[in-house]
Every structure is written in C-alpha cells, then in structure tokens.
Amino acid sequence: MSNAMSLNTPQGANLPWYRHRWPWLLMLGPSIVIMGGLYLGYLAFSQPDALVVGDYYKKGKAINQDLRRDQAATALGVAVGLRYDAARGVLTGKLELPAGHQERSVQIHLAHATQPAKDVVLTVAPDADGVFGTPLALLERSRWQVLVEGEKRDWRLEGVWQWPAQHEIDIRADAPAPAK
C-alpha cells in the first residue's frame, strides 16, 4: 500500500518550502525592486543637489545688477566670438568694443549645464585688436552657458554654446547667439 501511495504523490511533496523553486521565483521580483530602491535612495542622499540655490532672495536681488550690466553691454555695443580648437586645446576669440574703449582683461566663464564641478573660469588679455587665445583642456560634449565679463565687471554678455555641434559662437549684446 505504501508503494501505491508514493506513486500517486508528486515527487518532492514532502520537501520544505525553501527547497522548491516557485517561492524563490515569486520572491525574485519584489527583492529586485527593494534592491533597486535601496540603490536609488543611496544615490539620492549621497549626491548633492547642485541646482538648488540656498539663498534665493539674495540671488533674486542680484538679477537687477545683472540686468544693469546687460544694458551697459548693449550701450557699448560689445560682442565676442569664441572658437575652440580641440586638436590644439586652445580657446581663441575676438572681443569687439567701440573705438577708444579697451579692456586689459576679460573673464570668460563656461558653466556646465548640470555639473558645477566641471565649470571653467578663464581670464584672458585681448590685444589691441581684441584678439585673444588661451589653453583649455578638452571640453566635454555638453551645453555650456557662456558668460563674458569686463575687467571691472561693469558689462557682461551671456550665451549658450552647444559644443561640439557648434565649433564657434558669436555673442552680441541683446542678440541671441546664432548656430554655426
């Protein structure tokens, strides 16, 4: 009789639950979701939020000063052209100022779209014709915010540079930067 009984019962019916494959297969999905959630939680708390401004009121008041500098650039008719030669690792450019107005140095700030640690700040000295060149390590493929300021920070130009899609950029006061 015991032989007849063992023939009718499925094989492994007397094994404990953890010896069967189906409970493990059913638990695999939720455990993957839990592991993924823990990893995303780690990423969220270990990486700083670089785009959040701590003192937003002070930043908002500074906008008026920036607008005055934009208006000063428009009044002067300032323009700048930048070109990056990746093979030589050189950023060259030409600063156009009205006759009789010359800057001894100009600050160029290339701000990475999402990672402030990759921002580049350069101080260049244009010659009498406004031409300048400076060594620059390889730029990452990105959308760069370009800010060009005068020596006294009394004027500024802003533009967006999609490098390497745009090999060069021209920024004029109160004019959008054309794609080249």
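1. Confidence by element. This is a predicted model. Within the chain, H2 has the highest confidence, with a mean of 94. H1 has the lowest, with a mean of 52.

2. Confidence overall. The mean pLDDT of the chain is 83. A score of at least 70 is reached by 81% of the residues. Residues 176-180 fall below 50. Even so, that stretch makes ten contacts in the model beyond near neighbours in sequence.

3. Architecture. There are three helices and eight strands in the chain. Their order from the N terminus is α-α-α-β-β-β-β-β-β-β-β. H1 covers 2-8 and H2 covers 21-46.

4. Contacts and burial. Take the contacts between residues at least 6 apart in sequence: 51% of them link residues at least 24 apart. The chain has 180 residues, and 26% of them are buried.

5. Nonpolar patch. Trp-17, Tyr-18, Trp-24 and Met-27 together form a nonpolar surface patch of about 480 Å². One of these residues, Tyr-18, sits in the loop between helix H1 and helix H2.

6. Tyr-18 in particular. Is this residue buried, partly exposed or exposed? Tyr-18 has a relative accessibility of 48%, so it counts as partly exposed. The exposed class starts over 50%.

Terms used:
Residues are numbered from 1 along each chain as its sequence is written. This is a predicted model: local features need pLDDT of at least 70, side-chain atom pairs count only at pLDDT 80 or more; totals for chains, interfaces and linings use all residues. Side-chain values use heavy atoms; hydrogens and water are left out. Patches are made of residues with over 30% relative accessible area and no salt bridge: like charges are joined within 9 Å, nonpolar side chains (Val, Leu, Ile, Met, Phe, Trp, Tyr) within 5 Å. Accessible areas come from the Shrake-Rupley method with a 1.4 Å probe; for residues, only the protein chains shown count as cover. A salt bridge is a side-chain nitrogen of Lys or Arg within 4 Å of a carboxyl oxygen of Asp or Glu. Helices (H or I, at least four residues) and strands (E, at least two) are DSSP runs, numbered from the N terminus. Buried means under 20% relative accessible area, exposed over 50%, partly exposed in between (1.4 Å probe, protein chains only). pLDDT is the predictor's confidence in each residue, from 0 to 100. Contact means heavy atoms within 4.5 Å.
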